[in-house]
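Welcome, and please open the structure in your viewer. We will go from stop to stop, selecting a few residues at a time.

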Amino acid sequence: MTSNDIQIRLAENLKRIRKSQKLTQFQLAEKAGISDETVKNIELCKTWTSEKTLAQITDVLNIDVSMLFLPVSSSFEKDSEASTRIKNVIGENIVKYVNTVLEEIYSPK
């Protein structure tokens with residue numbers, strides 16, 4: 001996976017999540033305290049953005065920053081070896097998380 005692939009994934013996910021929350025680029029930018037040009041440039045893969053800007057965006061969208069970098073279903077079809085690795089890592093992390101939550105719920109206090 002190249003830097004360009006990651007930038008494309010960020011752009012696609014940001015646009016998809018923003019639209020699912022029925023926000024325009026301008027509305028997202030206004031709520032995040034950034035310029036609408038910044039949102040536009042991220043979605044068009046014209047620029048990388050800072051951690052601060054990503055934090056501002058994810059706060060408004062009420063998501064974890066990792067959601068902006070998760071693969072979308074179309075990326076699983078392009079490279080089967082890479083998609084298998086990604087699926088395995090995602091699955092392992094979900095299992096770890098669920099186990100941690102279950103331990104917290106069922107462990108004696």
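Which residues of α4 are buried? Select Thr 53, Leu 54, Ile 57, Thr 58 and Leu 61, and you have the buried residues of this helix. Now look down the axis of α4: these buried residues line one face of the helix, because they fall within an arc of 130°. An α-helix has 3.6 residues a turn, so residues three or four places apart point the same way. Keep in mind as you look that this is a predicted model.

Next, turn to the face of α4 that points away from the buried side. There you will find the exposed residues Glu 51, Lys 52 and Asp 59.

What do the buried residues of α4 pack against? Show α1, α2 and α3, and you have their packing partners.

Stay on α4 and pick Thr 58. Thr 58 counts as buried because its relative accessibility is 6%, under the 20% cut-off. Leaving out residues up to four places away in sequence, Thr 58 touches Ile 63, Asp 64, Val 65 and Leu 68. Just after the helix comes Asn 62, with a positive phi of about 55°.

Now for the largest nonpolar core, which has 14 residues. Select Leu 14, Leu 28, Ile 34, Ile 57, Leu 61 and Leu 68, the members that touch the most other members. The elements giving two or more residues to this core are α1 (3-20), α2 (25-32), α3 (36-43) and α4 (51-61). In soluble globular proteins, nonpolar side chains tend to be buried together.

Zoom in on Leu 28. Apart from neighbours within four places in sequence, Leu 28 is in contact with Leu 14, Arg 18, Leu 23, Val 39, Ile 57, Val 60 and Leu 61.

Move on to α3, where Val 39, Asn 41, Ile 42 and Glu 43 are buried. Among the elements covering these buried residues are α1, α2 and α4. Following α3 is Cys 45, and its phi is positive, near 60°.

For the last stop, go to the surface. Which residues form a nonpolar patch there? Select Ile 94, Tyr 97, Val 98, Leu 102, Ile 105 and Tyr 106; together they have about 670 Å² of accessible area. Val 98 belongs to helix α6 (residues 80-106). Is Val 98 buried or partly exposed? With a relative accessible area of 38%, Val 98 is partly exposed, since that value lies between the cut-offs of 20% and 50%.

Definitions and conventions: Residues are numbered from 1 along each chain as its sequence is written. This is a predicted model: local features need pLDDT of at least 70, side-chain atom pairs count only at pLDDT 80 or more; totals for chains, interfaces and linings use all residues. Side-chain values use heavy atoms; hydrogens and water are left out. A nonpolar core is a set of buried Ala, Val, Leu, Ile, Met, Phe, Trp, Tyr and Cys residues joined through side-chain atoms within 4.5 Å. Buried means under 20% relative accessible area, exposed over 50%, partly exposed in between (1.4 Å probe, protein chains only). Helices (H or I, at least four residues) and strands (E, at least two) are DSSP runs, numbered from the N terminus. Contact means heavy atoms within 4.5 Å. The arc is that of the directions from the helix axis to the C-beta atoms. Patches are made of residues with over 30% relative accessible area and no salt bridge: like charges are joined within 9 Å, nonpolar side chains (Val, Leu, Ile, Met, Phe, Trp, Tyr) within 5 Å. Accessible areas come from the Shrake-Rupley method with a 1.4 Å probe; for residues, only the protein chains shown count as cover. A salt bridge is a side-chain nitrogen of Lys or Arg within 4 Å of a carboxyl oxygen of Asp or Glu.
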